[in-house]
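Visitor: I would like to learn how to read a model of this kind, feature by feature, with the general idea given before the particular case.

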Amino acid sequence: MRPRGLPPLLVVLLGCWASVSAQTDATPAVTTEGLNSTEAALATFGTFPSTRPPGTPRAPGPSSGPRPTPVTDVAVLCVCDLSPAQCDINCCCDPDCSSVDFSVFSACSVPVVTGDSQFCSQKAVIYSLNFTANPPQRVFELVDQINPSIFCIHITNYKPALSFINPEVPDENNFDTLMKTSDGFTLNAESYVSFTTKLDIPTAAKYEYGVPLQTSDSFLRFPSSLTSSLCTDNNPAAFLVNQAVKCTRKINLEQCEEIEALSMAFYSSPEILRVPDSRKKVPITVQSIVIQSLNKTLTRREDTDVLQPTLVNAGHFSLCVNVVLEVKYSLTYTDAGEVTKADLSFVLGTVSSVVVPLQQKFEIHFLQHFVLQDSCQLPGALVIEVKWTKYGSLLNPQAKIVNVTANLISSSFPEANSGNERTILISTAVTFVDVSAPAEAGFRAPPAINARLPFNFFFPFV
């Protein structure tokens with residue numbers, strides 16, 4: 001029974017709003033604490049499938065969809081590449097440039113390439129040159145830049161949101177249709193399906209930007225703080241995403257030997273898959289171990305053996321030695337989206353009851369590896385072209401050289417095994433090209449006579 005004076009359509013709208021409001025008020029909040037590895041990985045990147053038991057209230061999903069997709073891929077955009085099939089000088093993003101070309105570069109003419117400036121989070125490519133390498137190498141870094149403007153575009157949960165459209169007013173004819181097409185307070189099914197498909201079913205045998213790095217059992221864990229300052233170990237490391245985070249870990253000092261996150265083996269034991277769903281694995285190699293004492297002095301160990309946290313009783317208090325304080329990953333990748341090398345550096349320290357809770361620091365960086373072919377380039381011929389003319393200037397009337405061009409021709413030779421000898425023929429050629437221009441016959445145009453006689457020139461005859 002409806003109140004008097006209210007039309008039937010308004011009563012239906014009020015009833016729908018009351019039902020939705022009641023469901024929203026009764027829904028609990030969602031946290032990522034205590035999730036398993038799969039749920040935490042999905043929660044880090046936006047969504048995760050529901051694993052609640054039957055009858056449990058459904059947690060509200062985010063009211064917005066994925067971030068805006070950039071129109072231009074800045075990783076392949078090169079604004080200084082002007083010459084086709086040729087290396088442009090100081091153009092670090094030119095794909096036609098080789099390591100030999102980088103050796104004569106002075107700097108990168110375009111060091112930073114950014115995407116759409118309207119987005120709050122935009123991709124940026126940073127180019128630089130590593131002159132310490134032999135031969136010099138180009139350093140490629142893909143990072144996320146934050147737009148501080150309050151008018152930036154953060155998320156798009158509605159496809160036509162970036163354009164002005166006339167809203168459709170509900171009435172008794174289109175009300176049912178609008179209720180079916182409206183997302184309301186539920187999760188966007190289209191974005192959920194496309195996202196889970198991208199995570200769970202890789203379509204290409206290579207890593208792409210932002211894809212979690214797979215290991216033999218799950219993914220490479222990169223601890224970070226998600227909803228609070230506490231460390232969450234189920235956060236996956238993403239391909240080409242450089243990160244440096246600090247987080248706090250609450251520990252029981254008496255149980256430090258049993259906490260995996262305090263041990264070196266927890267970070268060095270996984271093996272990274274070379275490409276997604278591959279049988280080839282890349283082991284993590286420990287490159288350095290630095291020991292930090294209680295008074296903050298640092299000492300580098302000569303060996304890289306894996307050390308375990310050990311509880312030591314020192315008088316009236318306890319200490320835990322060989323505790324992981326800092327972890328630094330350095331992953332090398334190729335243009336084909338493969339991980340070829342994984343290095344790891346540690347800073348271990350001693351923890352007492354005074355410094356509990358413990359603060360840890362984690363870093364991960366990606367370095368590009370430029371592949372050389374199984375053949376070497378050797379100079380095989382030197383061709384010199386000399387252009388000359390028979391006629392010099394009037395002050396020095398003799399033959400002179402106008403231009404000299406030297407062209408070094410290289411050839412590819414397969415790499416020979418160690419100890420084998422091979423004879424290579426090297427030739428030199430010099431050519432002279434006569435560019436003398438003969439004199440053109442002809443006469444100058446006759447001069448124009450523009451003379452005026454005085455008015456009394458013929459006086460007194462006229």
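Visitor: What should I know about the source before reading any detail?

Guide: This is a predicted model, in which local features need pLDDT of at least 70 and side-chain atom pairs count only at pLDDT 80 or more, while totals for chains, interfaces and linings use all residues. Residues are numbered from 1 along each chain as its sequence is written, and side-chain values use heavy atoms, with hydrogens and water left out.

Visitor: Where in the chain is confidence lowest, and where is it highest?

Guide: The quantity to read is pLDDT, the predictor's confidence in each residue, from 0 to 100. Here the chain averages 74, and 71% of the residues score at least 70. Confidence is lowest in helix 2 (residues 37-45), with a mean of 33, and highest in strand 7, at 93. Helices (H or I, at least four residues) and strands (E, at least two) are DSSP runs numbered from the N terminus. Over residues 5-64 pLDDT stays under 50, and the model has 61 contacts beyond four places in sequence for them, a contact being heavy atoms within 4.5 Å. Residues 183-203 also stay under 50, with 20 such contacts.

Visitor: How many helices and strands does the chain have, and what share of its residues counts as buried?

Guide: The chain has six helices and 16 strands. Buried means under 20% relative accessible area, exposed over 50%, and partly exposed in between, with a 1.4 Å probe and protein chains only; by that criterion, 28% of the 462 residues are buried. Among contacts between residues at least 6 apart in sequence, 62% join residues at least 24 apart.

Visitor: How many disulfides does a search of the whole structure find?

Guide: A disulfide is a covalent bond between the sulfur atoms of two cysteines, and the criterion applied is a pair of cysteine sulfur atoms within 2.5 Å. The search finds seven. One of them joins C78 to C93, with an S to S distance of 2.1 Å. Both C78 and C93 lie in the loop between helix 2 and helix 3 (99-102), so the pair ties together parts that are 15 residues apart in sequence. C78 is buried at a relative accessible area of 17%, and C93 is buried at 8%.

Visitor: Which residues touch the most other members of the largest nonpolar core?

Guide: A nonpolar core is a set of buried Ala, Val, Leu, Ile, Met, Phe, Trp, Tyr and Cys residues joined through side-chain atoms within 4.5 Å. The largest has 50 residues, of which L213, Y267, Y329 and F346 touch the most other members. Among the elements that give two or more residues to this core are strand 2 (121-130), strand 3 (137-146) and strand 12 (339-352). A second, separate core of 11 residues includes L253, C256, V347 and V351. Leaving aside neighbours within four places in sequence, the contacts of F346 include M264, Y267, V286 and V324.

Visitor: What should I look for in the hairpin of strand 10 and strand 11?

Guide: Two strands pair if DSSP finds at least two bridges between them. Five bridges join strand 10 (residues 310-314) to strand 11 (residues 317-333), and the two run antiparallel. L311 has C320 in strand 11 as its bridge partner. Two residues lie between the strands, and G315 takes a positive phi near 70°.
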